[in-house]
Amino acid sequence: MNNKPKIGVYVCHCGINISHTVDVEAVAEFASQLPNVRVAREYSYMCSDPGQALIREDIKNEGLNRVVVASCSPRMHELTFRKTLAEAGLNPYYLEMANIREHCSWVHGDREKATAKAKRLVAAAAVKARLLEPLQEKEVDVEPASLIIGAGIAGIQAALDIAEAGFKVYLVEKTPSVGGRMSQLDKTFPTLDCSACILTPKMVDVASHPNIELLTYSQVEDVSGYVGNFDVKVRKKARYVDMDKCTGCGVCAQECRLTGRIPSEFDEGMGKRAAIYLPFPQAVPAKYTIDPERCLMLTRGKCGKSPKCVDACGTGAINFEQEDEIVEFKVGSIIVATGFDVFDASRKPEYGYNDYENVITGLELERLVSASGPTGGDILIGKGDDAYVPKDIAFIKCVGSRDKSVGNEYCSRVCCMYTAKLAHLLTEKIPDANVRVYYMDVRAFGKGFEEFYDRVRREGVRYIRGNPSEVFKRGDKLVVKAENTLTSTPVEDEVDLVVLAVGLEPRRDAREIIDILRLSQSGDRFYMEAHPKLAPVDTATDGVFLAGCAQGPKDIPDTVAQAKGAASSALVLLSSGKVKVQAQVSHINEDTCRGCGYCVEICPYSAIELVTVNQFGHEALVARVNDALCKGCGACVAGCFSGSAQQKSFMDGQILPQIAALGVMR
Amino acid sequence: MSEQQFEPSVIAFLCNWCSYAGADLAGTSRIQYPTNLDIIRVMCSGRVNPLFIVNALQQGADGVLVSGCHPGDCHYMEGNFYARRRFTLMNELLNYVGVDAKRFNMSWVSASEGAKWKDVVEEVVENAKEAGPFEQFRRNKINW
C-alpha cells in the first residue's frame with residue numbers, strides 16, 4: 001500500500017464554543033494549504049454522528065490515511081475519533097488532535113489572536129500526523145477478582161454486587177469490623193430508618209458470602225501491575241486473638257485490667273472500652289482484638305501476675321506471640337471506598353469545643369442518641385451524678401464546611417439533614433427541649449429532604465439565620481453569640497448544649513492510597529474522578545474506581561448508588577475477561593542500543609530488561625521492553641543516550657517537527 | 001520591533017495527567033490568559049527530552065515551559081523526579097551558555113489547578129517578554 005500521507009483536517013465549531021472566538025473557516029482554509037493535507041473541512045459538531053460520518057466518507061472517498069481533528073481536548077474525545085478511524089478501516093493511531101477549545105477558544109477573548117493560535121496548533125498536529133505510525137493494541141486476560149478497599153456501606157455494597165455476579169472479592173478493612181461510619185449512626189435521614197437495622201444484615205452477608213474474602217484489621221501495603229492484572233499485598237495486622245478460637249463471648253473484655261478506661265473510637269470517645277475489645281456489639285466479624293498501643297502486656301510485657309484475659313478465655317484464643325501476616329493475591333479491578341473523617345472541631349476554637357464539655361459534635365450526639373451508645377440512648381451531658389439532661393440546645397451548622405479559613409470551601413452535603421434529624425430526635429427524647437439551629441443556608445436537596453426539614457420546623461425546632469461568631473461560658477450556661485441576619489439583630493442565646501454540625505473531610509491518611517494507586521486529588525483534597533460528569537466513578541488509573549465519600553461528601557443513598565456504579569464498572573472489566581493495554585509504549589531499537597542499562601534503572605515499572613542478542617556472531621547486550629508491563633510514560637526515552645528508546649506516538653522524530661511547526665508559524 | 005509590542009512565543013510541554021488536565025480545567029472554567037503559549041502534550045514530564053528545550057529555542061521560541069504533576073504525585077510514580085533533576089541540570093547548562101534564566105521555566109500544576117495554570121502562563125509569558133526576542137540559537141531556516 002502506498003503510504004504517502006494523505007491528511008484530512010476537521011475543524012469543529014463545537015456549536016459556538018469554538019467558532020465564537022476562533023474563525024474556523026479561516027483555520028480550515030489555512031489547513032488545506034499545509035503539506036500533505038488532502039481535505040480540510042469545518043463542521044458544527046465533529047463528535048456527532050454526521051460529523052464522524054464526514055470523516056469516514058472522506059477516508060473512503062479521498063483515500064485519507066491520517067486524520068487531524070481540531071476540536072476539544074484529546075482527554076475528552078480521542079477515543080471517540082479513534083473509533084471513527086477504526087470503523088473506516090484505518091488504524092486508530094493515525095489520529096492526532098489539536099485542542100482548540102480548552103486550550104484556545106475558551107481561554108482567549110481576542111478573535112484574531114485566538115485564530116492565529118488555533119492555526120499554530122493545527123499546523124503542529126498536521127505535521128505530527130504525517131509522521132504517525134500504526135499501532136496494535138494488545139489484549140490481556142483479566143484476573144476475575146476485585147479488591148475493595150474500605151468496608152463501609154460503599155465497600156459493602158460494591159462487594160455484594162460483584163460477589164453476586166459470581167466474581168471473587170477481597171474486601172479489605174482497616175479497623176477490626178466492617179460497617180464504617182454508617183454503623184455509628186442511630187437513625188438515617190429523612191426516613192428515620194434505624195441505621196443498624198438496614199446495615200447489619202449487609203454486614204453479615206459480606207462475612208458469609210462464599211465469593212467474598214473479608215480481610216479486617218488489614219491494610220493494603222502495595223499494588224503493582226496494571227488494569228486486569230494487579231498484584232496486591234495486604235498486611236493483616238496481628239489481633240493477638242486467634243480468630244478461629246474466639247467465640248466473641250466477651251469475658252476477656254470484662255476481665256481486662258483496663259476495662260472502662262480507654263476511650264472507644266466507635267463511641268467517638270464518649271464511651272469507654274477495654275484493651276481487648278469488640279468495637280461495637282454488632283461488629284462483624286464478632287471477634288475480639290487487642291489494642292497493641294494500650295494493652296499492658298504488649299506495651300510493658302507485664303500485666304499483673306498473668307494477663308487476666310488469658311486466664312478468663314475459655315478457648316485459649318489469646319496469643320501474644322501473634323505476628324502481622326502478609327497476604328498476596330491478584331485482582332483485575334480495584335474499588336477505593338475509604339470514606340471520610342469528620343472535621344476536627346478544635347480547629348474552630350471560637351466554638352469552645354476543647355474548652356467546654358457541653359460543646360459536642362454531631363457525630364458525638366449521634367452516639368448519645370443511639371440505643372447502643374454509651375448512655376443507652378439517654379441524652380446526658382457530664383459524668384456520674386453531675387450528669388444532666390439539656391433543655392436549651394443550639395446547633396451550629398457549617399462547622400468546617402463552606403469555610404475558606406479552614407481550607408474547606410465545599411459543602412459537606414449531609415450536615416443540614418443530619419442536623420434536622422438530630423433536632424427531631426432530641427425533641428422526641430426530651431419533650432420540653434427548646435432546640436434552635438443557627439444556619440447560613442439550608443440545603444435540603446434530596447428526595448424527601450425538604451419535606452423532612454419542613455416537618456422538623458413544624459415540630460418546634462427554630463431556625464435562626466446567622467453564623468455564630470463565638471460560644472462562651474456565662475454562669476452555668478453557654479452563650480451562643482450571633483447575628484440574626486434576617487432581622488439584623490444581635491443575639492446572645494443562653495443554652496445548655498451546643499452541637500457543632502461538623503463537615504466531612506478526606507481521611508487523614510488519604511495520602512497512603514494515593515501513593516499506592518497513583519490517584520489524583522481534586523481541589524477539596526478528596527480523590528479525583530476521571531470526569532466530574534461522565535466518568536464519576538473512574539480514576540486516572542485504569543481499572544481503579546471510586547465509591548462513596550472517598551470521592552467527595554455524599555449521603556447514604558448517593559453512596560450506595562455510586563458503589564453500585566463502581567461495582568458495575570469493575571464488572572464490565574471482569575466479565576469481558578479481556579482488556580486492551582496501552583499501545584503507546586516504548587520501543588528500543590536493538591540495532592543502535594549499546595546495552596548500557598540506564599533505561600532499565602529508570603523504568604518505574606521494571607518493564608525493561610537487558611537481553612543478549614547475536615550481532616554478526618558476537619553476543620551483545622541490548623535493552624528490550626516488555627509491552628505488557630510498559631505504561632508508556634516515556635522516561636526511558638528522555639534518558640536514552642543514543643536515542644534508541646522511543647515512545648510510540650511520542651517519538652522524538654514526531655515531537656521535534658511539532659516544535660518546528662510552532663516556530664514557523666510565528 | 002519595539003519593546004512594548006513584542007509578543008513572545010512560548011512553547012510548553014505538559015504532562016497528560018496533571019498539567020494538561022489542569023490547562024483543560026482552566027478552559028472548562030473559562031479562565032482567560034495570554035495566547036502566546038502553545039502546548040505540546042506528552043504523557044509525562046519525564047518524557048521531555050532536554051533536546052526539546054534547545055530545539056524550541058532554535059526554532060523560534062523566546063521561552064519554554066515544562067510542567068508536570070507535583071513531585072510525589074506523578075501518574076507514573078517517579079517520572080517528574082527525573083524531569084526535576086534533568087531540568088535543574090538543563091537550567092545550569094542554559095545559564096552557562098548565556099541564556100537568560102527567565103527563558104526556561106518549570107512548574108508543577110495538578111489536574112485541579114486551573115487557576116494556577118493561568119498564573120503560570122502569565123508569569124512565563126511575562127518572563128519571556130522581559131527577556132526579549134531570542135536570537136542566540138536561532139536557525140535561519142526552519143525545516144519542518
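This is a predicted model: local features need pLDDT of at least 70, side-chain atom pairs count only at pLDDT 80 or more; totals for chains, interfaces and linings use all residues.
Figure 1. Among contacts in chain A between residues at least 6 apart in sequence, 70% join residues at least 24 apart. The chain has 666 residues, and 50% of them count as buried. Its secondary structure consists of 18 helices and 34 strands. The C-alpha trace of chain A spans about 95 × 70 × 40 Å along its principal axes.

**Figure 2. The largest nonpolar core.** This core holds 262 residues. V68(A), A70(A), V122(A), A126(A) and V498(A) are the residues with the most contacts inside the core. Helix α5(A) provides the largest share of the core, ten residues.

**Figure 3. The surroundings of A70(A).** Residues up to four places away in sequence are left out of this view. Beyond them, A70(A) touches V9(A), Y10(A), V11(A) and C12(A), as well as V27(A). A70(A) also touches A98(A) and I100(A). Further contacts of A70(A) are A118(A), L121(A), V122(A) and A125(A). V122(A) is, like A70(A), among the residues with the most contacts inside the largest nonpolar core.

**Figure 4. The contact between chain A and chain B.** Chain A brings 48 residues to the contact and chain B brings 44 residues. On the side of chain A that touches chain B, at least two residues each come from α4 (101–105), α5 (111–130), α17 (635–639) and α18 (652–664) of chain A. The most comes from α18(A), with eleven residues. By residue type, this side of chain A divides into 23 nonpolar, 14 polar and eleven charged residues.

Technical notes:
Residues are numbered from 1 along each chain as its sequence is written. Chains are lettered from A and ligands numbered from 1 in the order in which they are written. Two residues are in contact if their C-beta atoms, placed from the backbone, lie within 7 Å. Helices (H or I, at least four residues) and strands (E, at least two) are DSSP runs, numbered from the N terminus. Ala, Val, Leu, Ile, Met, Phe, Trp, Tyr, Cys and Pro count as nonpolar, Asp, Glu, Lys and Arg as charged, and the others, Gly among them, as polar. A residue is buried if 20 or more other C-beta atoms lie within 10 Å of its own, exposed if 12 or fewer, and partly exposed in between; C-beta atoms are placed from the backbone. A nonpolar core is a set of buried Ala, Val, Leu, Ile, Met, Phe, Trp, Tyr and Cys residues joined through C-beta atoms within 7 Å.
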